[in-house]
Amino acid sequence: MKIATRESFGRALCELAKEHPEIVVLDADLAAATKTDIFKKAYPDRFFDCGIAEGNMIGVAAGLAACGKVPFAASFAMFATGRAYEQIRNSVGYPHLNVKIAGSHAGISVGEDGATHQCCEDLALMRTIPGMVILNPADHYEMTEAVKAAYEYNGPVYIRLGRLAIDTFNDPDTYQFEIGKGITLKDGNDVTVIATGLVVNEALKAVKTLEGKGINARLINMHTIKPIDKDIIIKAAKETGRIITVEEHNVIGGLGEAVCSVTSEYCPVPVKRIGIEDIYGHSGPALGLLAEFGLDAEGLEKRIADIMKSFA
Amino acid sequence: MTNQELLEMQKMACKVRIWTIEGVFHAKSGHPGGSLSAADMITYLYFKEMRVDANDPKNPDRDRFVLSKGHCCPALYAALALKGYFSAEEIKSLRHIGAMLQGHPDMKHTPGVDMSSGSLGQGISAACGMALAAKYDSKDYRVYAMLGDGECEEGQVWEAAMFASHMKLDNLCLIVDFNGLQIDGAVNDVAGLEPLDTKFESFGFEVIKINGNDFNEIEAAFEKAKTVKGKPTVIIANTVKGKGVSYMENQVGWHGKAPNADEYQKALDELNAQLKVLEG
């Protein structure tokens, strides 16, 4: 099944709202794109369009939360975390209000809209806010559980959503989500690949192919960027001695640096970061861009193999 | 209001001003000018207008106050202490390390503070969210938000104003403390706002203009605001920055500066003399 995580998010919100009347949803004129329109259709009285005014939307969400509501405020990742960064920092983060922020169209897989809309900095921005929880689910089933977990957690949460329809790979019968607990998708002892979000499945395909080429890589799905799962990183560092991170985000400030901060403090090992190399994206079809930036399965297979040579 | 009520209100405002000076002096920093200009309206809100209970500061049905011009919290803290939310002695540790009273309002740690604020332009949006929550829950509490005149230069104020009007938040009452001065000088020299009344009118607000240092006008404005249906209200209150302390009045230099020991004594002497007159 192919489904974009934004779609999964919209459906999950709708499901949750059935049992929890305190859930309200805000959007900034992008309901059709963030998929909060699914909620809007089901619960028109609980949906508030704030217009193209993201800073005000976050402040309104803060006020709603201060009065006991659980607002989910959605926009594109660029505008939710970029335009409204300071509102999130001061009106939501500082008072630790129970606001959930959803940033859709994250990363270069936005595609044709190009660099102004391809946010590769959202994880970095949100990581700097004390007490912020950051979730970056990798497929439909993970997003569904992440939205529930975000609701159950009392405090600010940022959820990263993708535009591109992607394959599901988790097993809905056995899948379990816990904030701050990475998931080992494949065991291995030569190297640990830690991936997050949309590229997890690409990394999974890559490490499976590499298995047949003599590289036995462990793969961790790091769905929570903050609080980062220290234990699983330290264990991987000790057992495999080297780490490669994979993210559809600037290599500055995202998963890679979060992992480095753990290894450098607790168990120094070589870490190589695969991601967007501190540059802007550009227009093009999403799949073409992922290939160009080396973030599809083939690209990752080659990059990981090359890095393994450099590790030697 | 009766003459007796007026007298009581004036006495309380004088006490708010005294504790404002105490706070800023002991903090050795802070914002006396805009605290003193707003003191009368803050006094009226906490001692006449708002349905609040210092013994039940989290009551979900209470009226809310958001000090969007958060730097003027010395006056808010004074009113909260005098209302009984916490001991007035707390005010003497304002801005100190480990103190409850932060340099800008902190809802997590200060009883009676309904919203953390201080970054200008943000409190008004939170107030909109609170007013929306009341509508959503069919509750009758009202939400008050006080903005500085200089604060109205922030774009977010107008995003929020559009939102409040679009959502017909008639349970929201904004107060603009129009003392005419901001850090860099006169508002009209820095980035003129006028005509502020027609700006708010065109954004869909009921606009009430008053002298914000006159309790009869303050009362009339808040009473009128409660009768407005289908749209939010803004009270544009002309005030004197530094009101009540002669050498601070209308002086831009007292926007964000603490008095030294001599100035502190002079301010207290003046305010205590005013209080003595009021107490007969």
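The radius of gyration I shall quote is taken over C-alpha atoms, and the rule for a globule is 2.2 Å times the number of residues to the power 0.38. Please bear in mind that this is a predicted model.

I begin with chain A as a whole. For its 312 residues, a compact globule would have a radius of gyration near 20 Å; chain A has 19 Å, which agrees. The C-alpha trace of this chain spans about 60 × 40 × 40 Å along its principal axes. Chain A contains 13 helices and 14 strands, and 60% of its 312 residues count as buried. Turning to contacts in chain A between residues at least 6 apart in sequence, 79% of them join residues at least 24 apart.

Next, one helix. Helix α1 of chain A runs over residues 5–19. From first C-alpha to last, its 15 residues reach 22 Å, close to the 21 Å expected at 1.5 Å a residue. Among the buried residues of α1(A) are F9(A), A12(A), L13(A) and A17(A).

Which residues touch the most other members of the largest nonpolar core? In this core of 199 residues, they are V193(A), A203(A), C128(B) and I235(B). Helix α1 of chain B, residues 3–27, supplies the largest share, 11 residues. From chain A, domain 1 (2–167) and domain 2 (183–305) each contribute at least three residues to this core.

Finally, I235(B). Leaving aside residues up to four places away in sequence, I235(B) touches C173(B), L174(B), I175(B), I208(B), I210(B), A221(B) and A225(B).

Methods:
Residues are numbered from 1 along each chain as its sequence is written. Chains are lettered from A and ligands numbered from 1 in the order in which they are written. This is a predicted model: local features need pLDDT of at least 70, side-chain atom pairs count only at pLDDT 80 or more; totals for chains, interfaces and linings use all residues. A nonpolar core is a set of buried Ala, Val, Leu, Ile, Met, Phe, Trp, Tyr and Cys residues joined through C-beta atoms within 7 Å. A residue is buried if 20 or more other C-beta atoms lie within 10 Å of its own, exposed if 12 or fewer, and partly exposed in between; C-beta atoms are placed from the backbone. Helices (H or I, at least four residues) and strands (E, at least two) are DSSP runs, numbered from the N terminus. Domain bounds come from an automatic or database domain assignment. Two residues are in contact if their C-beta atoms, placed from the backbone, lie within 7 Å. The expected span of a helix is 1.5 Å times one less than its number of residues.
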